[in-house]
Amino acid sequence: DAMTIQYRAVLSPCIGICEIADDGLCSGCHRTGDEVAAWPLLNDDVRLHLMDEVLPRRAAVRGQA
């Protein structure tokens, strides 16, 4: 039923520390430069996957989880 579908607003993971580190990832949000540039064009499924799965994994590898 269309009335029971819940939507989740997918915001940016940007925290205002915008610097690409030596590992090719942003020091603040752990996205690649390509991911940062493409963010406005990505659909919500891709954004959610990045925010829920990929970025936390990258933060953990960096010891920032």
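A polar contact of 2.6 Å links the side chains of Glu 35 and Arg 58. Keep in mind that this is a predicted model.

**Glu 35**
- You'll find Glu 35 in helix α1, which covers residues 33–38.
- Is Glu 35 buried or exposed? Its relative accessible area is 16%, and the cut-off for buried is under 20%, so Glu 35 counts as buried.
- Leaving out residues up to four places away in sequence, Glu 35 touches His 30, Leu 50 and Arg 58.

**Arg 47**
- Arg 47 sits in helix α2, made up of residues 44–61.
- Arg 47 is buried too, yet it has no salt bridge.
- Which side chain of opposite charge is nearest to Arg 47? That's Asp 44, at 4.2 Å.
- The Arg 47 side chain does reach the backbone oxygen of Leu 42, at 3.3 Å.
- Skipping residues up to four places away in sequence, Arg 47 touches Val 10, Trp 39, Pro 40 and Leu 42.

**The whole chain**
- There are two helices here and zero strands.
- Of the 65 residues in the chain, 26% are buried.
- Take the contacts between residues at least 6 apart in sequence: 49% of them join residues at least 24 apart.

Terms used:
Residues numbered from 1 in each chain as written. Predicted model: local features only at pLDDT ≥ 70, side-chain atom pairs only at ≥ 80, totals over all residues. Heavy atoms only, no water. Helix = DSSP H or I, 4+ residues; strand = E, 2+ residues; numbered from the N terminus. Buried < 20%, exposed > 50% of the residue type's maximum accessible area, 1.4 Å probe, protein only. Lys, Arg positive; Asp, Glu negative; His and termini not counted. Salt bridge = Lys/Arg side-chain N within 4 Å of Asp/Glu carboxyl O. Polar contact = N/O pair within 3.5 Å; in protein donor to acceptor, adjacent residues only side chain to side chain. Contact = heavy atoms within 4.5 Å.
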